[in-house]
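Have a look at the model first, then read on.

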Amino acid sequence: MMKRRSLLPVLLAFFCTLFITIGCAQDTSEAPADGDTDTAAEPTELINETPIVMGYSSWAGWWPWAIAEQEGLFEANGVNVELIWFDGYLESMQALASGQLDANCQTLNDTISFAGEAVNGEVAVVVNDNSAGNDKVIVAEEIETVADLVGKSVALEEGVVGDFLLTLALEEAGQSRDDVNIENLETGAAAAAFAAGQADGFAGWVPFWETALTREGSKELTSSADFPGAIPDLLVVTQVLIDEQPEVVQALVNTWFDILTFIDENQERAYEIMADRASVSADEFEKYLEGTRFFTLEENLEAFTPGDSMVHMPYAAEEMANFMVEVGFIPEAPDLEAVLDDQFVTAYAEANA
């Protein structure tokens, strides 16, 4: 798989530390801040007596799920959810694939990677956000264009999202991945190697590109902001959950859109919850949020439709699968049609037309 953000340090910016332990469940005992008690949603009768287990980890597009837990939005939509925070993103994906979770937050590329072996299947049902600048290619001072990378060395972790971003940039410039010398290193080590002058470029995500930028004269060459739709972050559920409890999946999707409404109407409280969940300062929170674009209902509907650009997930999924097969990251592409299911977003749109 493209193990995007598989080393997400929670103590640095909004990413997790090393994949040492599986995260514990988020503390739900925290009371709403003074004066905010009226913002909590009214609970309704629960659809499911036994809670479904949902994982999430430290990425700005997934922090909002903490709002649903803190403000009672799951209950307001009648769904009983045990929300589990993972300090390691990789562990969350492994937990979903092995059947320990009913739902998880992960990227499209990672869903494709795990789908073929997931015991209960994996299906993306809503787009939380797109990376809009939080993934970057950083280069040395003398490199001015993507074409200047030809024959140069780029430190990155093969098969992960930085590699994919670099490949897209090279192809747009009429080049290919084979035109550069890939230095395959774990993302943190790749950033450090570039910062030490041991490579001409680096590709990866925040906060690692911040390390890369400590090299004198280094600069951003391109970012995920230049390739809309290339890095979608999703709510993924098992096919078993869809087959056996579709009403629960619908309630999860409905909850996501209620979260977006809450953020819009209660921004100060929403930001407080998310920054606390991410364990970052207010300044860091604002900065990292800038590189994340939450998806509206309309953007969700568009993302699930066929098309000829990365904005359309069926197209993006095919491009990602081909890339991963070509670099030997997965042996073959899974059934891509089975990985995407727009019925719940569509039902929400129809119910709220």
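Which residues line the largest pocket? Point 2 has the list, after some housekeeping.

1. Ground rules. This is a predicted model, where local features need pLDDT of at least 70, side-chain atom pairs count only at pLDDT 80 or more, and totals for chains, interfaces and linings use all residues. Residues are numbered from 1 along each chain as its sequence is written, and side-chain values use heavy atoms, with hydrogens and water left out.

2. The largest pocket. Its lining is made up of Phe164, Thr167, Leu168, Glu171, Ser176, Arg177, Asp178, Glu319, Asn322, Phe323, Glu326 and Val327. By pocket I mean an open set of points on a 1 Å grid over the protein atoms alone, where a 1.4 Å probe fits, with protein on both sides within 12 Å along at least five of seven lines; lining residues have an atom within 4 Å of a point. The volume, meaning the space filled by probe spheres set on the points, is about 220 Å³.

3. Who supplies that lining. Helices α5 and α13 each give at least two residues to it. (Helices are DSSP runs of H or I, at least four residues, and strands are runs of E, at least two, numbered from the N terminus.) The lining splits into four nonpolar, three polar and five charged residues; Asp, Glu, Lys and Arg count as charged, and Gly is among the polar ones.

4. A closer look at α5. This helix covers residues 161–172, and its 12 residues should span 16 Å at 1.5 Å a residue; the end C-alpha atoms are 17 Å apart, which agrees. The expected span here is 1.5 Å times one less than the number of residues. Just after α5, Gly174 has a positive phi of about 80°.

5. Is α5 buried or exposed? 10 of its 12 residues are buried, so α5 is largely enclosed by the rest of the structure. Buried means under 20% relative accessible area, using a 1.4 Å probe and protein chains only. Among the buried ones are Phe164, Thr167 and Leu168, which also line the largest pocket. The buried residues of α5 pack against β5, β6, β7, β8, β9 and α13, with contact meaning heavy atoms within 4.5 Å.

6. The second largest pocket. The volume here is about 190 Å³. Of its 12 lining residues, Ser113, Gly116, Glu117, Ile330 and Pro331 lie nearest the centre. Eight lining residues are nonpolar, two polar and two charged.

7. Overall. The protein has 15 helices and 11 strands, and 58% of its 353 residues are buried.

Note on methods. Buried means under 20% relative accessible area, exposed over 50%, partly exposed in between (1.4 Å probe, protein chains only).
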